[in-house]
Amino acid sequence: MCGIIGYVGRQEAAPILLEGLERMEYRGYDSAGVCVEQNGVLKVEKAKGRLQNLIAKTENGALLPGTLGIGHTRWATHGEPNDINSHPHLSQSGKFAVVHNGIIENFIALKEELLQKGYTFRSETDTEVVVHLLETCYTGDIKQALMRTAARLEGSYALGIVCRDEPGQIIAAKKDSPLIFGFGEGENFIASDVPAILKYTRQVAYLDEGDMAVFTASG
């Protein structure tokens, strides 16, 4: 089923992301990864296998400083379980990072279109299509880029997105795949399920079909 978590606030993000992913291990996975934004730079670490591999690789998040990030546990659908196919996926320029649950049914057609535009694919996943498509749709407004991207996607998705050109905010969207929003004080969250963020907040909202959320630490 995979798991998504996102955090923006005043605390170090990576330990919170890793802890949230631990609380969703019951959903099943074969690899995990996190992306943390600091000063407009997106830093990604991934690891095949148990989440403990990623925790050890990042020294429980200490090697990824920053107060905003997204994390993911993956259960392979397109592409074998390995570090490259793990989420988060970066766009070609490194401007966007995306985590995704669900299946993009028209990803082959979109991939062919993007290849013709000169995009290079590192992974075998359908998710990498989403992050490159976001980049082609981006003209300075991440909300508009996501709306244009979503209009092209067929299938199911829960998305967590960060953009280095718009630091301090996370963007999320939902279609046929569960995603919740968690309200904190000076911090906010997204997650696939409540247990991931229950330690930090009990105020949650379940995103409805087609919902999009754009949030910072303050609102």
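**Figure 1. Helix H4 and its cover.** H4 is mostly covered, with 10 of its 11 residues buried. Buried means under 20% relative accessible area, exposed means over 50%, and partly exposed lies in between (1.4 Å probe, protein chains only). This is a predicted model: local features need pLDDT of at least 70, side-chain atom pairs count only at pLDDT 80 or more, and totals for chains, interfaces and linings use all residues. Residues are numbered from 1 along each chain as its sequence is written, and side-chain values use heavy atoms, with hydrogens and water left out. Helices (H or I, at least four residues) and strands (E, at least two) are DSSP runs, numbered from the N terminus. The buried residues of H4 are Thr127, Glu128, Val129, Val130, Val131, His132, Leu133, Leu134, Glu135 and Cys137. Their cover includes strand S5 (89–90), S6, H3, H5 and S7. Contact here means heavy atoms within 4.5 Å. H4 lies across S5, S6 and S7, and runs at about 140° to S6. Axes are lines fitted to C-alpha atoms, for helices over the stretch in contact; angles run from 0 to 180 degrees between N-to-C directions.

**Figure 2. The largest nonpolar core.** Which residues touch the most other members of this core? Among its 25 residues, they are Phe96, Leu134 and Ile161. At least two core residues come from each of strand S6 (96–101), helix H3 (107–116), helix H4 (127–137), helix H5 (142–152), strand S7 (157–163) and strand S8 (170–175). H4 gives the largest share, six residues. A nonpolar core is a set of buried Ala, Val, Leu, Ile, Met, Phe, Trp, Tyr and Cys residues joined through side-chain atoms within 4.5 Å. Leaving aside neighbours within four places in sequence, Leu134 is in contact with Phe96, Val98, Ile142, Ala145, Leu146, Thr149 and Ile161. Another core, of 24 residues, lies apart from this one; Leu17, Ala47, Leu54 and Ala191 are among its members.

**Figure 3. An open sheet of five strands.** The order is S5-S6-S7-S8-S12, and the pairing is antiparallel. S5 and strand S12 (212–215) are the edge strands, each pairing on one side only. Two strands pair if DSSP finds at least two bridges between them. S8 and S12 pair in the antiparallel sense over four bridges. Ile171 has Val214 in S12 as its bridge partner.

**Figure 4. The hairpin of S2 and S3.** Strand S2 (residues 31–38) and strand S3 (residues 41–48) run antiparallel, joined by eight bridges. Glu37 has Leu42 in S3 as its bridge partner. Two residues sit between the strands of this hairpin, and Asn39 takes a positive phi near 55°.

Figure 5. Glu59 lies in the loop between helix H2 (51–57) and strand S4 (68–74). Asn60 is found in the loop between H2 and S4 too. Glu59 is not a glycine, yet its phi is positive, at about 55°. Asn60 is also a residue other than glycine, with a positive phi near 55°. Asn60 is partly exposed, with a relative accessible area of 41%.

Figure 6. Asp126 lies in the loop between H3 and H4. Is Asp126 buried or exposed? Asp126 counts as buried because its relative accessible area is 3%. A polar atom of its side chain lies 2.8 Å from the backbone nitrogen of Ile104. A polar contact is a pair of N or O atoms within 3.5 Å; within protein, one must be able to donate a hydrogen and the other to accept it, and residues adjacent in sequence count only if both atoms are side-chain atoms. Asp126 and Ile103 are 23 residues apart in sequence, and their C-alpha atoms are 7.1 Å apart in space.

**Figure 7. Asn188 and its surroundings.** Asn188 lies in strand S10 (residues 188–191). Asn188 is buried, at a relative accessible area of 4%. A polar atom of its side chain is 3.4 Å from the backbone nitrogen of Gly184. Not counting residues up to four places away in sequence, Asn188 touches residues including Gly6, Tyr7, Val8, Phe181, Phe215 and Gly219.

**Figure 8. Cys35 and Cys163.** A search of the whole structure finds zero disulfides. A disulfide is a pair of cysteine sulfur atoms within 2.5 Å. Cys163 is in no disulfide. Cys35 is buried at 0% relative accessibility, and Cys163 is buried at 1%.
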